[in-house]
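Have the 3D view open as you read.

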Amino acid sequence: MTSSEQIFNTLVLPYLNHAVRTYESGYASVSDIDAAMRFGCGYPKGPLTVVDEIGAAQVRDLLAARYAETGDHLHEPAGLLDKLVAENRTFADEAAAAGEGAAPQLKHDIAKVGVVGTGTMASGIVQVFAQAGYEVVYVGRGQDKLDGVVGYITKNLDRAIAKGKGTEGDKDALLGRLTGSTEREALGGVDIVVEAIAEDLELKLELFRDLDRICKPGAILATTTSSLPITKLGEATGRPQDVIGMHFFNPAPVMKLVEIITTSATSADVDETVRALTANVGKVGVSAGDRAGFIVNLLLFPYLNDAIKLAEGGEELATIDAAIKETAGFPMGPFELLDVVGNDVSLAIQKELYAEFGEPGFEPAATLVAKVEAGELGRKTGKGFHDYS
Ligand code: 3HC
């Protein structure tokens, strides 16, 4: 039997190391890395704060012991850990030295928001904007899909009302701000479109070409893709300066994070406007560059993949789930979360990370591949790692 502490060392230490390396590489700031994991995954503390709390020397030594066992480069302690120990510095010191930026301002007027898509993410995003008082035009492929969005939002609002949060009047007002359409032309007058259709590059390229034709000049075109190159979507339009990523998390009405992804062509005004808009809808924005995984998925999915590999070694799923919740305080164990995200989505993300970084340790776990082949995708199919039938 593996103890909870061993499970923590096996799964959480490499995640902490990966967070340190992500900061060390200059990809994101200390505060954005920590905010990303707190607000995107509901973790009680960001990974770099956890390193400070455990102590960089202790984290380095535990990783070194693990590296000696596995020889896996991902377990080799990040060089920055040594440096911090030698200089008696912490990540809190690094964050303080970087300073806080000024609050972002809206550089474009945003009154009307468009959303393309009718799946779980799109429905949640429609709710987020309407809840914040924006008029929302959402576009789907059929009336039944449009009705599904209203059904999703109504269910969430009814649940909130039952808990004494909000009234029937609030619900009616929110639903009154929604306009569904099966025609993309309905997006002609919106100030920003957030696209949340299937993760398929050809589909998205076709959509962005069409949005470029339909949307008024100056309208911002945002995508909530988690794995496709936003630069390519921008290049499909005549306005790459107005194209940006707004990566929401599942469930979008609850998770407070939005990763804001700029390409080298995105204008500073569009970036600032989207950061201000994110704050206006009550979310926390973090900035990252156009690279597979951004911050959260880069740190989250290798950990989930490692959990599957640990289970392949004979550890019980429920034991791993419980140990992680107990030792790390994460709101869900890895297998509970995999089932919420969907094994198909997780496999696609893990494949992207493996392709981008070429780390042998990122190779998708065999069981994840097998689950997808067997159609055991998680809660949405009634069975994933756990059984929901
Ligand atoms: N839609 C809307 N609201 C929901 C919801 C949903 N699907 N699920 C839960 N809620 C609301 C509840 O109504 C409740 O609201 P209240 O606080 O106003 O009463 C609140 O969320 C908390 O819900 P519960 O008390 O029922 O349940 P929990 O306390 O267990 O919280 C959770 C649920 C917020 C989902 C929590 O388990 C959590 O934070 N999980 C981690 C989720 C995560 O890591 N997401 C990121 C996945 S990766 C991703 O999305 C990236 C992509 O690219 C794949």
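Let's start with Gly 314, which is found in the loop between helix H13 (296–312) and helix H14 (317–328). Keep in mind that this is a predicted model. Gly 314 is exposed, because its relative accessible area is 57% and anything over 50% counts that way.

Ser 25 belongs to the loop between H1 and H2, and with a relative accessible area of 52% it is exposed.

A few spots in the backbone deserve a click. Asn 250 and Pro 251 are joined by a cis peptide bond, with omega at about 0°. You'll find Pro 251 in the loop between strand S6 (243–248) and strand S7 (257–262).

Asn 88 sits in the loop between helix H5 (79–87) and helix H6 (91–98). Phe 294 is another non-glycine residue of this kind, with a positive phi of about 50°, and its place is the loop between strand S8 (284–289) and H13.

Which of these counts as buried or exposed? Asn 88 is exposed at a relative accessible area of 68%, whereas Phe 294 is buried at 1% relative accessibility.

**Rings and their neighbours**

On to the aromatics: the structure holds 10 aromatic pairs. One of them is Tyr 15 with Tyr 43, where the ring centres are 5.9 Å apart and the planes meet at 85°, so the pair is edge-to-face. This pair ties together distant parts of the chain, since Tyr 15 is in helix H1 (residues 4–24) and Tyr 43 is in the loop between helix H2 (30–41) and helix H3 (47–54), 28 residues apart. Tyr 15 is buried, with a relative accessibility of 4%, and Tyr 43 is buried too, at 5%.

Phe 357 and Phe 362 make another pair. Their planes are at 80° and their centres 6.2 Å apart, so this one is edge-to-face as well. Phe 362 is buried at a relative accessible area of 2%, whereas Phe 357, at 29%, is partly exposed.

Here are these two pairs side by side:

| Ring pair | Centre distance | Plane angle |
|---|---|---|
| Tyr 15 and Tyr 43 | 5.9 Å | 85° |
| Phe 357 and Phe 362 | 6.2 Å | 80° |

Which residues do ring pairs link into a cluster with Tyr 15? The cluster is made up of Tyr 15, Tyr 43, Tyr 303 and Phe 330.

The charged end of Arg 291 sits over the ring of Tyr 27, at 3.9 Å from the ring centre. Likewise, Lys 371 lies over the face of Phe 385, and the distance to that ring centre is 5.4 Å.

**The second largest pocket**

Helix H7 (120–131), helix H8 (143–162) and helix H9 (168–176) each bring at least two residues to the lining.

**What the record says**

UniProt, in an unreviewed entry, lists residues 112–290 as "domain: 3-hydroxyacyl-CoA dehydrogenase NAD binding". In the model, that span is 41% helix and 22% strand, and its end C-alpha atoms lie 26 Å apart.

How values were computed: Residues are numbered from 1 along each chain as its sequence is written. This is a predicted model: local features need pLDDT of at least 70, side-chain atom pairs count only at pLDDT 80 or more; totals for chains, interfaces and linings use all residues. Side-chain values use heavy atoms; hydrogens and water are left out. Rings of Phe, Tyr and Trp (its six-membered ring) pair if their centres lie within 6.5 Å; planes under 30 degrees apart count as stacked, over 60 as edge-to-face and the rest as tilted. Helices (H or I, at least four residues) and strands (E, at least two) are DSSP runs, numbered from the N terminus. Buried means under 20% relative accessible area, exposed over 50%, partly exposed in between (1.4 Å probe, protein chains only). A charge sits over a ring if NZ of Lys or CZ of Arg is within 6 Å of the ring centre and within 35 degrees of the ring normal. UniProt positions are given in the numbering used here, feature names are shortened, and annotations may be inferred rather than shown by experiment.
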